[in-house]
Amino acid sequence: MINLIYKLFPTLNSLTKRQKLMFRLLLLSVSMILFGAYFKINGKPNTDLILGTAMILHVISIVGLMSKWAKYRTISEVSQ
């Protein structure tokens with residue numbers, strides 16, 4: 001699925017490995033929010049843990065995408 005997203009949006013290919021990792025984490029947190037909201041509506045137990053974890057991952061991924069750390073290229077990217 002992630003390959004399909006990269007094909008649909010070719011500008012994502014210019015991201016560094018760290019930025020791609022943070023982008024994947026962002027997609028994971030969005031899907032967790034959707035599943036958590038669905039389970040919450042259906043009255044399943046422990047959905048607050050899913051939603052809380054999703055919010056924490058969402059914040060981490062956004063901060064990671066905006067940080068200078070993600071913009072630096074890794075050693076394997078530089079050697080290619």
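Buried means under 20% relative accessible area, exposed means over 50%, and partly exposed is in between, with a 1.4 Å probe and protein chains only. Keep that in mind for Asn46, which counts as exposed at 56% relative accessibility.

A quick word on the model: it is predicted, local features need pLDDT of at least 70, side-chain atom pairs count only at pLDDT 80 or more, and totals for chains, interfaces and linings use all residues. Residues are numbered from 1 along each chain as its sequence is written, and side-chain values use heavy atoms, with hydrogens and water left out.

On confidence, pLDDT is the predictor's own score for each residue, from 0 to 100. The protein averages 88, and 99% of the residues score at least 70. Among its elements, H3 has the highest mean pLDDT (93), while helix H5 (residues 75-79) has the lowest (75). Helices here are DSSP runs (H or I, at least four residues), numbered from the N terminus.

Helix H2 covers residues 17-41, which makes 25 residues. From first C-alpha to last, H2 reaches 36 Å, close to the 36 Å expected at 1.5 Å a residue; the expected span is 1.5 Å times one less than the number of residues. Its buried residues are Gln19, Met22, Phe23, Leu26, Ser29, Met32 and Gly36. These pack against H1, helix H3 (47-66) and helix H4 (68-71).

Just after H2, Gly43 takes a positive phi of about 80°. Asn46 sits in the loop between H2 and H3 and has a positive phi of about 65°, although it is not a glycine. Thr47, by contrast, belongs to helix H3. Leaving aside neighbours within four places in sequence, Thr47 is in contact (heavy atoms within 4.5 Å) with Gly36, Phe39 and Lys40. Over in the loop between H1 and H2, Asn13 is in contact with Tyr6 and Lys20, again leaving aside neighbours within four places.

| Residue | Relative accessibility | Class |
|---|---|---|
| Leu8 | 56% | exposed |
| Asn13 | 44% | partly exposed |
| Asn46 | 56% | exposed |
| Thr47 | 3% | buried |

Methods: Helix = DSSP H or I, 4+ residues; strand = E, 2+ residues; numbered from the N terminus.
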